[in-house]
Amino acid sequence: ASFSLKAPTLFSVFIFIVLRALRLDVGYVLLAGSVAAVGWMALVAAAIAESPPGAITHDFVTYITSDRILVGAEIEKIIAILTVTVILAVAIARARRLLIRSVEDRSARDTAEAALRELAAAQAALIQAEKMASLGQLTAGIAHEIKNPLNFVNNFAGLSVELLDELKAAAAPALDALDDDTRAEVDETVEMLTSNLEKIAE
């Protein structure tokens, strides 16, 4: 039974603990390490109980070169099992914290990048709106500046038509004294001017 306390069995215990560590769960690692330590104690107790008298030695060389049991060495193995368990548990706990922090940082970075993209889009929209507003004001100003001279021309044309009518009325006695051809030519010219001014006023 003391042969089971040798190195290959101990390696199997460490492999068992490491396999539990692959779950990245501190609880599983601590449970596996505790079970391994208790199991090794039970194995040592069973080996001592089943060994013949004199199977326990205090000499390390004898322990290494024979199947005899060195209680101090077995206690050191149990301490090694518990130490490895604690180290793995601490490493896994730190790794989980780093992983969580990394995920949180990445999430925060993604959120910040999304906010930055939205801000850039809003800024672009605002600049576009300002450009359109400026263009609208410019168009309105141009339309106003164009409309003013046109209004002036329209008003002047309407007033000119009225002045021609008054001129015709005032010059009627003098026109009657003219010969028919000259009077017809003057009437035609006045009608042409009136027609052109009315077209402008339209």
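Trainee: What is the relative accessible area of R109, and how is the residue classed?
Mentor: R109 has a relative accessible area of 44%, so it is partly exposed. Buried means under 20% relative accessible area, exposed means over 50%, and partly exposed lies in between, with a 1.4 Å probe and protein chains only. Please note that this is a predicted model, in which local features need pLDDT of at least 70 and side-chain atom pairs count only at pLDDT 80 or more, while totals for chains, interfaces and linings use all residues. Residues are numbered from 1 along each chain as its sequence is written, and side-chain values use heavy atoms, with hydrogens and water left out.

Trainee: Which residue forms a salt bridge with R109?
Mentor: The partner of R109 is E113, and their closest N and O atoms are 3.9 Å apart. A salt bridge here is a side-chain nitrogen of Lys or Arg within 4 Å of a carboxyl oxygen of Asp or Glu. Side chains of opposite charge can pair when their charged atoms come close.

Trainee: And where do E113 and R109 lie?
Mentor: Both belong to helix α4, four residues apart, which is about one turn of the helix. Helices (H or I, at least four residues) and strands (E, at least two) are DSSP runs, numbered from the N terminus. E113 has a relative accessibility of 37%, so it too counts as partly exposed.

Trainee: How many salt bridges does the whole structure have?
Mentor: The search finds two. Besides the R109 pair, E74 is bridged to K77, with 3.3 Å between the closest N and O atoms. E74 and K77 are both in helix α4 as well, three residues apart, about one turn of the helix.

Trainee: Are E74 and K77 buried or exposed?
Mentor: Both are buried.

Trainee: Changing topic, what is the overall make-up of the chain?
Mentor: The chain has five helices and zero strands, giving the pattern α-α-α-α-α along the sequence. Of its 202 residues, 18% are buried.

Trainee: Which residues make up the largest nonpolar core?
Mentor: It has six: A36, A37, W40, V44, I78 and I81. A nonpolar core is a set of buried Ala, Val, Leu, Ile, Met, Phe, Trp, Tyr and Cys residues joined through side-chain atoms within 4.5 Å.

Trainee: Why does W40 count as buried?
Mentor: W40 counts as buried because its relative accessibility is 1%. This residue is in helix α2. The C-alpha atoms of W40 and E74 are 8.3 Å apart in space, although the two residues are 34 apart in sequence.

Trainee: What about G33; which helix holds it?
Mentor: G33 is also in helix α2, which covers residues 26-50. At 0% relative accessibility, G33 is buried. Its C-alpha atom is 6.5 Å from that of I81, a residue 48 positions away along the chain.

Trainee: Now the surface: which residues form the nonpolar patch?
Mentor: I48, I56, V71, I75 and I79 make a nonpolar surface patch of about 380 Å². Patches are made of residues with over 30% relative accessible area and no salt bridge, like charges being joined within 9 Å and nonpolar side chains (Val, Leu, Ile, Met, Phe, Trp, Tyr) within 5 Å. Accessible areas come from the Shrake-Rupley method with a 1.4 Å probe, and for residues only the protein chains shown count as cover.

Trainee: Which helix gives the largest share of that nonpolar patch?
Mentor: Helix α4 does, with three residues. I75 lies in α4 and is partly exposed, at 46% relative accessibility.

Trainee: And which residues gather in the negative patch?
Mentor: The negative patch consists of E162, D165, E166 and E198. Lys and Arg count as positive and Asp and Glu as negative, with His and the chain ends not counted. The place of a charge is taken as NZ of Lys, CZ of Arg, CG of Asp or CD of Glu. Helix α4, residues 71-176, gives the most to this patch, with three residues.
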